Structures are given as structure tokens and as C-alpha cells.
Amino acid sequence: MRLVLLGPPGAGKGTQAALMCRRLRLLHISTGDMLRQELQAETELGLKAHAYIEKGELVPDNIILDMVRAKLKEPECENGYILDGFPRTLVQADALAQFVELDAVIYLEVPFEIIIKRLSGRRRCPKCGVIYHTSHYEKSTCSCGGVLYQREDDKLETVKNRLAVYEAETRPLIAYYSQKGLLRTVDGEGTPEDVDARIAALLEP
Ligand code: AMP
């Protein structure tokens, strides 16, 4: 199965993708995580992307497309995957359609106020990538021992910019995939398990 998870920053794409991947035995491909790994390793790509990420801007399409094309050619992608955070523009969606036939695009719908709350309390483990929320988890370390941190781009000013960029660049993908008959809208409010159950029900044959 080849799936896309679509939704604003903070909709829970990363969390839901992890649950879906476990349930459906698919590979989780997050372009945000890939870029953060490049940045941590101080590669040329990572350093180029850094300036965009820290402002909450999108990394240019050609950089993202080269990275995703190379990833999807890897043998580990053969058994299916969930794309999280990609595509984010119509150019990326059109390019993806040239080399991949998608089974479905899951759109996580979450009200604006909840997104702001989720992003401002979000903490990430740098070692294993697990996401926590300060309202449910008070410790400062992950179960794997990593010291949790707030992503630079989860700070309020950057979040506002990321949401504006989402509205302008990514929201049009909802109509795009709806016209192609691929869009499945899911209510993204509630616990991760609630949302996962809704997604599972939607994907039943
Ligand atoms: P994410 O972890 O998905 O929220 O992504 C973090 C940041 O990485 C975004 O705010 C963008 O700067 C960049 N990024 C991730 N995926 C893409 C993409 N498909 N197109 C452009 N920029 C991206």
C-alpha cells in the first residue's frame, strides 16, 4: 500500500503514521525527519535546508523531489509506505504522480486552536524521534534515554508562519486529491488510538 498523510503541522501526522506503520507493516517516510537527519549530519543538503526550516518556510521543490525520488528507489520501499509531510505543494504532488500510483491520501482534519496547543507543548526525542506532549508527559527524558527538546520551528512565531505556508501551499492539495478520488478525510481530534481506529475503518476494503 502507498499512502500519503496530509494535514497541517501539528495535525498528528507523525504520530498516526507510526501507529499505521506498525499495524499495516509499512515504511514511515517523513521528509521532515529526513531533513532533520541531514541537518544533524551536517550534509550539504541539510545545511541548505536549515535556513528554510528555521523560518518555517518550505524547502524548495527540487531539493525535496530529488531526496524523495532517491528514497523511493530503495528496496525497503518495495513493500509499501506512508508518506508523511510530502507532498506539500501542487508541484510536488504532480511530480509524485509521475512515478508513484497512490492507494489513498488520508487527510487529518484538526481545528486551528488545537493545532496551536499541540505544537506549543510538543517535545521530540533526538535519539529515536518519538513525540511527547507536555500535557501527558512531564519527564524531560524519553524511555530510550534521549533528552527531549522543543523543535526550533515549534516556537510560536515560526508556528504562525508554518500555518500560513500550509494554507497557501498545502491546503490546495485537498481539492487536488479529492478530484482524483483519492482523498479520505479523518477527524484528527481525540487520542492517537481513537484516530488510528478511524483510519483503520476508512482503509477497510
Ligand atoms: P515537518 O517535520 O513535516 O513539519 O517538516 C519540518 C520542516 O521541514 C518544514 O517546515 C519544511 O521547512 C521542511 N519540509 C518538510 N517536508 C517538506 C516538503 N515536502 N516540502 C518542503 N519543505 C518540507
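Visitor: Which residues come nearest to the ligand?

Guide: This is a predicted model, and in it Thr31, Arg36, Glu57, Gly85 and Gln92 come nearest, out of the 16 residues around the ligand.

Visitor: And what kinds of residues make up that shell around the ligand?

Guide: The shell divides into six nonpolar, four polar and six charged residues.

Visitor: Which helix gives the most to the shell?

Guide: That is helix α2, which covers residues 31-40 and gives four residues to the shell around the ligand.

Visitor: How much of the ligand does the protein bury?

Guide: Taken alone, the ligand exposes 480 Å², and the protein buries 96% of that area.

Visitor: Changing topic, which strands pair with β3?

Guide: Strand β1, residues 2-6, runs parallel to β3 and is joined to it by four bridges, with valine 4 having leucine 83 as its bridge partner. Strand β2, residues 27-30, also pairs with β3 in the parallel sense, over four bridges, and here histidine 28 has isoleucine 82 as its bridge partner.

Visitor: Are the two faces of β3 covered or open?

Guide: Both faces of strand β3, residues 81-84, are covered, with Tyr81 and Leu83 buried on one side and Ile82 and Asp84 buried on the other. As background, side chains in a regular strand alternate between the two faces of the sheet.

Visitor: Now for aspartate 154, where does that residue lie?

Guide: Aspartate 154 lies in the loop between β6, residues 131-133, and α7, residues 156-170.

Visitor: Why is aspartate 154 called buried rather than exposed?

Guide: Aspartate 154 is called buried because its relative accessible area is 2%, and the cut-off for buried is under 20%.

Visitor: Which side chains make polar contacts with the side chain of aspartate 154?

Guide: A polar contact of 2.9 Å joins the aspartate 154 side chain to that of arginine 122, and another of 2.9 Å joins it to the side chain of arginine 162.

Visitor: What else is aspartate 154 in contact with?

Guide: Leaving aside neighbours within four places in sequence, aspartate 154 is in contact with Leu119, Ser120 and Val159, as well as with Arg122 and Arg162.

Notes:
Residues are numbered from 1 along each chain as its sequence is written. This is a predicted model: local features need pLDDT of at least 70, side-chain atom pairs count only at pLDDT 80 or more; totals for chains, interfaces and linings use all residues. Side-chain values use heavy atoms; hydrogens and water are left out. A residue is near a molecule or strand if one of its heavy atoms lies within 4 Å of it. Accessible areas come from the Shrake-Rupley method with a 1.4 Å probe; for residues, only the protein chains shown count as cover. Ala, Val, Leu, Ile, Met, Phe, Trp, Tyr, Cys and Pro count as nonpolar, Asp, Glu, Lys and Arg as charged, and the others, Gly among them, as polar. Buried means under 20% relative accessible area, exposed over 50%, partly exposed in between (1.4 Å probe, protein chains only). Two strands pair if DSSP finds at least two bridges between them. A polar contact is a pair of N or O atoms within 3.5 Å; within protein, one must be able to donate a hydrogen and the other to accept it, and residues adjacent in sequence count only if both atoms are side-chain atoms. Contact means heavy atoms within 4.5 Å.
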